[in-house]
Amino acid sequence: MTGSARPAESALLPSLRQLREATAQLPLGLQITGVTQARTTRDQLLAQLDDYLIPRLMQQDAPLLVVIGGSTGAGKSTLVNTLVGEEVSRAGVLRPTTRSPVLIFHPGDGDWYAGDRILPGLARVSGPGSAAVEDDSNRSLRLVATPFIPRGMALLDAPDIDSVVARNRELAVQLLAAADLWLFVTTAARYADAVPWDLLHTARERATALAVVLDRVPVEAFGEVDAHLRHLLDQEGLADAPLLVVAEVPLIDHRLPEHAVAPVRRWITTLAEDANARAEVIRATLTGAVNSLQVRGNALADAAESQERAAWDLHVSVDAAYGQARKTIGNELSDGTLLRGEVLARWQELVGTGELMRTLESRIGRVRDRVAATFTGRPSATTRVETALETNLEALLRDAAERAAATAAGAWFTRSDGAELLAAAGQDLSRAHPDIGARIGDIVSAWQIEVLEMVRAQGGDRRQLAKLASYGVNGAGSVLIVALFAQTGGLTGGEVAIAGGTAVLSQKVLEAVFGDQAVRALAAQARASLLRHVEILLETDACRFRDLLYAAVPTLGIATRFRDVLRDVQAAR
């Protein structure tokens with residue numbers, strides 16, 4: 001932040017709100033490398049925006065919030081109870097002791113904490129007294145007003161950063177991110193432990209104001225321990241952090257004697273009484289937190305882009321599987337495959353190829369009468385042709401859908417992200433949808449009706465067509481379907497000759513009724529209609545995969561928009 005607080009606040013606050021919204025929308029649903037850390041970073045960034053940055057910018061003159069954190073057994077609760085003069089935070093040998101956080105403030109500052117400006121995600125429990133009211137859910141904040149805390153400052157006793165309870169550890173990190181200043185409590189025996197230093201590294205990276213309490217220091221070790229810890233702080237770039245040493249002394253009524261906590265009380269009182277010093281601490285921490293958004297935000301944007309790339313790869317594999325299914329169907333609709341076996345036999349039975357071919361060779365003009373007599377006199381044969389065609393077509397579509405589902409699922413299963421989505425699907429995606437048979441039946445029936453409507457529309461008011469149409473999807477419709485499928489690319493041996501004759505016969509029959517140009521138009525129209533139905537069928541089945549994918553990564557381009565918002569925040573500092 002630059003310049004005075006108020007001008008910076010007016011530009012920065014809306015930018016931070018936009019960043020909060022953009023962060024919540026980041027797609028991190030796919031199980032890819034680094035996603036666990038990315039989700040943690042996202043959650044921590046959201047918490048800091050909600051718990052600290054946005055509320056602090058809204059009310060920069062609110063009391064300074066000092067969060068007291070530290071390792072298990074460091075003596076935080078004992079220190080707090082001593083400073084306050086009453087038991088407001090449970091201390092003892094059982095672990096964990098502090099379960100829910102306790103916010104302690106002067107009664108005159110109570111209005112600042114009447115709402116949920118501080119830690120809005122935690123429920124409020126008011127009143128002093130026994131810590132027995134603490135909520136094991138770790139999602140409540142106990143408010144304690146006491147005159148022993150100077151005005152202009154509040155203390156927040158947090159759970160242990162290395163608690164045996166995971167929810168306590170998570171809450172401790174969240175509370176530290178909400179602090180204007182960390183009062184970090186460690187002991188002479190544990191100040192070099194790894195866990196405390198991990199959080200001290202975070203304080204340095206975010207430029208959070210920090211003071212360290214070195215508790216339970218034997219009097220004879222004061223100089224040695226104090227010097228070593230100061231050396232470690234200097235190495236970590238934290239040499240400016242005040243170091244407050246508390247001697248190891250016997251407790252009196254579970255509290256430290258006043259002389260032992262005098263360095264800490266003096267530091268708190270001095271800071272609380274100096275409004276400029278408090279404002280400077282707030283400004284330093286606020287500036288550091290905003291500056292740290294760039295590094296964390298860029299890491300999140302990188303993670304989101306990785307998610308988008310992975311989602312695209314999964315999407316492409318589904319497209320490829322179902323695209324191949326569409327291609328296979330298209331080929332088999334035109335290579336004669338559908339006219340194998342039963343369809344050819346029924347077609348011969350229906351039309352009587354030999355006789356009709358001889359009729360066509362002698363006098364093509366009499367074909368109309370022959371077709372009409374054939375269709376009106378042998379409806380049962382027409383039905384058998386239709387049934388055979390339906391059976392073959394339905395088998396083709398089902399086989400293609402099953403192979404597409406198996407291929408798509410197989411491609412996903414080889415990847416950790418895809419395998420996790422498949423496991424969460426609640427159904428076996430390696431097979432087509434359970435009701436695929438019914439869907440295909442509906443498609444074929446609808447398409448056959450459309451073919452007849454095409455024939456009717458082409459035939460107009462011709463008397464012959466009126467007779468044929470009276471039988472439903474049969475007659476000229478069946479001839480058109482056979483003509484559409486009667487190619488020889490997929491047939492062998494004697495089937496080629498039969499199918500070739502079938503194609504010529506069907507073509508001649510239709511041309512005799514409608515004319516050659518109309519027949520070509522009808523065939524193209526019928527094929528296009530069937531392929532549209534096929535497209536809908538396969539797309540519906542593929543959506544089972546896409547729905548899972550969209551739930552994990554709703555849309556592409558979010559990472560780019562997130563970077564734009566991040567730049568706006570930096571520009572408004």
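Reader: Which residues does leucine 30 touch, not counting residues up to four places away in sequence?

Author: Leucine 30 touches Val35, Arg39, Gln307, Ala310, Ala311, Leu314, Asp417, Leu421, Leu549, Ala552 and Val553. These count as contacts because the term requires heavy atoms within 4.5 Å. The model is predicted, so local features need pLDDT of at least 70 and side-chain atom pairs count only at pLDDT 80 or more, whereas totals for chains, interfaces and linings use all residues. Residues are numbered from 1 along each chain as its sequence is written, and side-chain values use heavy atoms, with hydrogens and water left out.

Reader: What makes phenylalanine 545 buried?

Author: Its relative accessible area is 0%. Buried means under 20% relative accessible area, exposed over 50%, and partly exposed in between, with a 1.4 Å probe and protein chains only. Phenylalanine 545 is therefore buried. It is found in helix α18; helices (H or I, at least four residues) and strands (E, at least two) are DSSP runs, numbered from the N terminus. Leaving aside residues up to four places away in sequence, phenylalanine 545 touches Val318, Tyr322, Ala405, Ala408, Ala409, Trp412, Leu422 and Leu429. Histidine 315 is 230 residues from phenylalanine 545 in sequence, yet 8.4 Å from it in space, C-alpha to C-alpha.

Reader: Which residues have the most contacts inside the largest nonpolar core, and why is such a set called a nonpolar core?

Author: A nonpolar core is a set of buried Ala, Val, Leu, Ile, Met, Phe, Trp, Tyr and Cys residues joined through side-chain atoms within 4.5 Å. The largest one has 75 residues, and those with the most contacts inside it are Leu16, Leu19, Leu30, Leu53, Tyr322, Trp412 and Phe545. Among the elements that give two or more residues to this core are α1 (5-24), α2 (35-58), α12 (379-413) and α18 (516-552). The most comes from α8, with 17 residues. Another core, of 41 residues, lies apart from it and includes Leu65, Leu176, Phe184 and Val212. In soluble globular proteins, nonpolar side chains tend to be buried together.

Reader: How do you know that lysine 76 forms a salt bridge with aspartate 160?

Author: The closest N and O atoms of lysine 76 and aspartate 160 are 3.4 Å apart. A salt bridge is a side-chain nitrogen of Lys or Arg within 4 Å of a carboxyl oxygen of Asp or Glu, so the pair qualifies. Lysine 76 lies in helix α3 (residues 76-84) and aspartate 160 in the loop between β5 (153-157) and α4, 84 residues apart, so that the pair links distant parts of the chain. Both partners are buried: lysine 76 has 3% relative accessibility and aspartate 160 has 4%. The structure holds 24 salt bridges.

Reader: In which helix do arginine 398 and glutamate 402 lie, and what separates them?

Author: They are four residues apart in helix α12, and therefore separated by about one helical turn. Arginine 398 counts as partly exposed at 36% relative accessibility, whereas glutamate 402 is buried at 15%.

Reader: How far apart are N and O in the salt bridge of arginine 415 and aspartate 417?

Author: The distance is 2.8 Å. Arginine 415 is partly exposed, with a relative accessible area of 27%, and aspartate 417 is buried, with 2%. Elsewhere, salt bridges that share partners join Lys76, Asp157 and Asp160 into one network.
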